Amino acid sequence: MSRARGTSRTRAAALWCASVLLVWLFGAVAHAGNPDLRWRTIETEHFYVHYFAGEEEAAERVALVAENAYDELSMGWGHKVFLKTHITLVDSQDTANGRATAVPFPQVFAYATAPEALSVLEGYDDWLDILITHELTHVVHLDTVHGISRLANALLGFGVLGKVTSPNILQPRWIVEGAATMEESNHSSQGRHRSAQFDAFMRMAVLDHQFQTIDQVSSGARIFPHGSSVYLYGVHFMHYIVAHYGHDKLRELSHIYASQIVPFGINRAIKKVLGVDFGQLWKEFKADTVKRFEAQARRIRARGLLQGQRLTFSGEATRYPAWAPDDAWLYFYEADGHREEGLKRIAATGGRIREGRGIGRAGVDVDVEHVIDIEDTAESSFIGHSGDIVFDQVGVYDNRYRWNDLWRYNGGDPKDAEQLTFGQRATEPHVSPDGRTVVFRRNDQAQSRLAFLDLASGDIAEVPPISRIGQVYTPRYSPDGKHVAFSAWREGGYRDLYLYDVDAGTTRRLTADRHMDLSPSFSPDGRYIVFSSDRDGVFNIYALEVATGALRQVSNVLGAAFEPMTSNDGTRIAYVGYSAFGYDLWVMPFDPSTWLDVAPSTSSLPPAEDPKLPLPGDRGRPLSASSRRYQPIKTMYPRTIMPSALDVASTSAGSVLGFETGVQDVVGLHTLSGRFDYLPSDRVATGAVSYTIRRLFPEFSFGFSRGYSRRGGYSRYVFDRAPAQGDSYEVRGYRERATRFSASMDVPVLRQARHTANASVTYQFQRIRNLDVGDGGIDPNAPAASSPEVGDFAQVGLRFAYSNESDGTNRFSYGAERGRAASVSLTVLDRQLGGDYGDLQGSFSYRESIPMPWRGHQSLVLTLRGGASAGGVRRRGAFCVGDYTYGSDIFRNMLSRTDTTAGGCSLLRGYAGPNNPTGASVIAGRYFAVVSAAYRIPLVDVDRGISTLPVFFQRAGVIPFVDWGRAFDGGASIRDFLVSAGATMLFGFRLGYLEPVTLALQYAHGFDDELGTDSFRAVVTGSF
């Protein structure tokens, strides 16, 4: 027996290893040569800076600016952070960003790459300095804790290791982000408060009567500029308060609010500081802002407006106009939030428009044609002799990095677009006049440079970094192909124009001032370079005569004018203009006789500081020389006694008291989590622990759990019963305990802009015990019990999933509005794997989302699911169908941010699901098939709340649905399939300024007379 068992275990191990090897090799074909990053750590007086090998220069700079920023911020906000702050520096994407927190310990996550062209972050004198200053403001602000909250942190955070609460994080985001954006400007020579682009946002909100109310900014209304609204209104509001009351009042507010026991009392706190609430302050701030920007608009109009014809009206994101070779069409990138984003075109003479509908102006542009899907902002350029288009597009390189590359499209099937570069981080391409070469911006580890692609050979030549120039933007060929004009940032906060001589390899500086000179391009005759600049406090188009250096002003607009591009015949100029609804395409005559003289102006920007002094004590040695190997264990030990989630729920097994917690290292290589539940009625404890390692490739996960449940739908007979239990010997259901171990491996098979595919292999061993097996019948003539199989279940599961669903994060739609998702699973249960049973189970799912051709973001979602089993585990049932899990606590779902599901069964609404209160049997069998159709209908956009209260009503919608399917053991006909129908009303809210919550009221009716039910439930889920 012993030997046979050992042989079984050996074969199980062999089968498991073979499965792992299969998926490993399958993934290795696409991902060979992926070296793991070697992480290191620099330690300073107040910081740990974690970076990977190759980022030494940027990491040293981060450590330097962090120490200097911390000294200023801790003094200004009257708080010193007790623990050292961990800063993780990454370079995995081509867009600039960062985030910070103080709970459970101070952390900053910073992307090294500088802001891309026309980013709201584009105004900086030192990118890493302004980024770290912004994020450290969050750390100092959120780390400020007093009173009862401080005592709770001391008791539950092991005294010094961590925090469980930070009152200041429960403020409206315009306070948190506004304060940080204010400090990024105060401690640099630029920043968003001095940004002419941010001024344009505010100016047009005033002039177009779209100034947001305090409740809309507090909770994120879906109004342009969307996520930037809290920064925009926040920084201007904070500066208004500082200008009228002093910076010390913000510091006082931070400390008073940090001592309040009851959260969200922001008006109570500000009244203690200023004697007036934020509602009144907002009215004063709005009046002051309206007065200021209306005065600026009068000055603009006094010179005479000089602007073109507006071609598009949807707003949102419109970028990079490009003329067709015959000037008949204008091509541009657009992401208006209503249609698929990508390359569009419109007749150069304009098109029809109609009234926009609701927030976002859906469907206003009738004659804008879609050319090709492009993920994220992208520029395009024509190859003159062929008419092909070269464009850049974000993708996933090496299955890890969201980097941009160049593509070529010939106007045929979009699927035939040719990828030209791989992992080159290439953006903003422009094709040479002879059609042989593409110049582009190549991004790399906190800097960027010019690069050239030979279209025939695919060879790439890079221009070495130019002295003091750290970033280059928007390179453009001259008409003769001998020069490239580009915009560049250099130390000292200078953003000027440069001219690169292709043959000589030399660079000449064309402008030299503190104004921001952006997006240069040549006129067809090569006489002028047109560009966008904020020389008069407003971004306008200017023309620089190349031979003489003479400068003229081409436009004089109320909003802003960016990215000018002259037509091939030299008669018109296209540009991106700004209104309160976002960016649109404009065209104006290119007529030097109408241009204005450049008004005398002196930049109001203060001098940028020279590079900071080295840290004391380094003796001239680079900081990275004393770095050490990154040690994950030192950042992932438990920081608090308090669990990360605590909940009380009611289930079929009775009330449950539970908590869960977890730890993760700051780089994200290791994650360990655990959950514990206690059922008081049965005096049973359950729990689970899981561990994921991302240090290796692919990703591995391990889990162990011990569960308890009361299984319904099965009969057993108990003859030794108490009188109070009645006369019937039949008992429905039994108690079951399951102990489970699992190990899985996930391999990314496909990573493209809109296509992802994953493969995984999982081994699971489960031991199931019937806890009521000892009280069965003693009469041999009694009916047999119908309890399912128990014992050891060992299985290997293979799964493949694919998705190209898009618009899932679209602010105007309900979930993914278009695309498809599919998955296939195969599970093998075998005694050779270590279990007592054998079975073969397969299942699949397919979902198609079809957008409707009319306005309103209505979509039809069709879902098909099915599966089959060999029947090796007969009474347990391989598959089941039914309604959502009964007994789920809606508040628990809200707090844990998880949706209520069908409890492991395939969803068939209107029929008994797991844990149903009537004790009805779940519909189960060896096979199942379910077809569902749902029609998503947005009804109304509300986007309103009450002042600074943390409750905000976003929108409402309805989703009628029909389900058709069944689980069965064989021999079922189409007439045996079950039908149900119903509808779900959806009400979207934001609670606590941040948390998206949906209240779903659902009614479902099952049409089968015997099995069907009428169910009504209220469910709280995440955003929809």
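Predicted model: local features only at pLDDT ≥ 70, side-chain atom pairs only at ≥ 80, totals over all residues.
**Two crossing helices**

Let's begin with a pair of helices. Two packed helices are described by the angle between their axes and the distance between the axes. Here, the axes of helix α8 and helix α11 come within 10 Å and cross at roughly 100 degrees. Angles of 65 to 115 degrees count as roughly perpendicular, and α8 and α11 are therefore roughly perpendicular to each other. On the α8 side, the residues that meet α11 are Tyr233, His236, Phe237, Tyr240, Ile241 and Tyr245. Their partners in α11 are Phe278, Leu281, Trp282, Glu284, Phe285, Asp288, Arg292 and Phe293. Sorted by class, this contact has 10 nonpolar, one polar and three charged residues.

Helix α9 is worth a look too. Its buried residues are Leu250, Leu253, Ser254, His255, Ile256 and Tyr257. The elements covering them include α3, α5, α8, α10 and α11.

Here are the helices mentioned so far, with their residue ranges:

| Helix | Residues |
|---|---|
| α3 | 127–143 |
| α5 | 173–186 |
| α8 | 229–245 |
| α9 | 247–257 |
| α10 | 266–274 |
| α11 | 278–302 |

**The nonpolar cores**

Which residues have the most contacts inside the largest nonpolar core? They are Trp127, Leu136, Tyr233, Phe237 and Phe278, in a core of 108 residues. Tyr233 and Phe237 of α8 and Phe278 of α11 also belong to the helix contact described above. Leaving aside neighbours within four places in sequence, Trp127 is in contact with Ala96, Asn97, Tyr111, Ala112, Thr113, Ala114, Pro115 and Leu121.

**One disulfide**

A disulfide is a covalent bond between the sulfur atoms of two cysteines. How many does a search of the whole structure find? There is one, and it joins Cys880 to Cys905 with an S to S distance of 1.9 Å. The angle about the S-S bond is -95 degrees, and the link is left-handed. Cys880 sits in strand β43 and Cys905 in the loop between α12 and β44, 25 residues apart. Both Cys880 and Cys905 are buried.

**A buried alanine in a loop**

Finally, find Ala378 in the loop between β10 and β11. Is Ala378 buried or exposed? Its relative accessibility is 4%, so Ala378 counts as buried. Leaving aside neighbours within four places in sequence, Ala378 is in contact with Tyr320, Tyr333 and Asp392. The C-alpha atoms of Ala378 and Phe332 are separated by 8.8 Å, with the two residues 46 residues apart along the chain.

Conventions
Residues numbered from 1 in each chain as written. Heavy atoms only, no water. Axes fitted to C-alpha atoms, helices over the stretch in contact; angles between N-to-C directions. Helix = DSSP H or I, 4+ residues; strand = E, 2+ residues; numbered from the N terminus. Parallel < 35°, antiparallel > 145°, perpendicular 65-115°, else oblique. Contact = heavy atoms within 4.5 Å. Nonpolar A, V, L, I, M, F, W, Y, C, P; charged D, E, K, R; others polar. Core = buried A, V, L, I, M, F, W, Y, C linked by side-chain atoms within 4.5 Å. Buried < 20%, exposed > 50% of the residue type's maximum accessible area, 1.4 Å probe, protein only. Disulfide = S-S within 2.5 Å.
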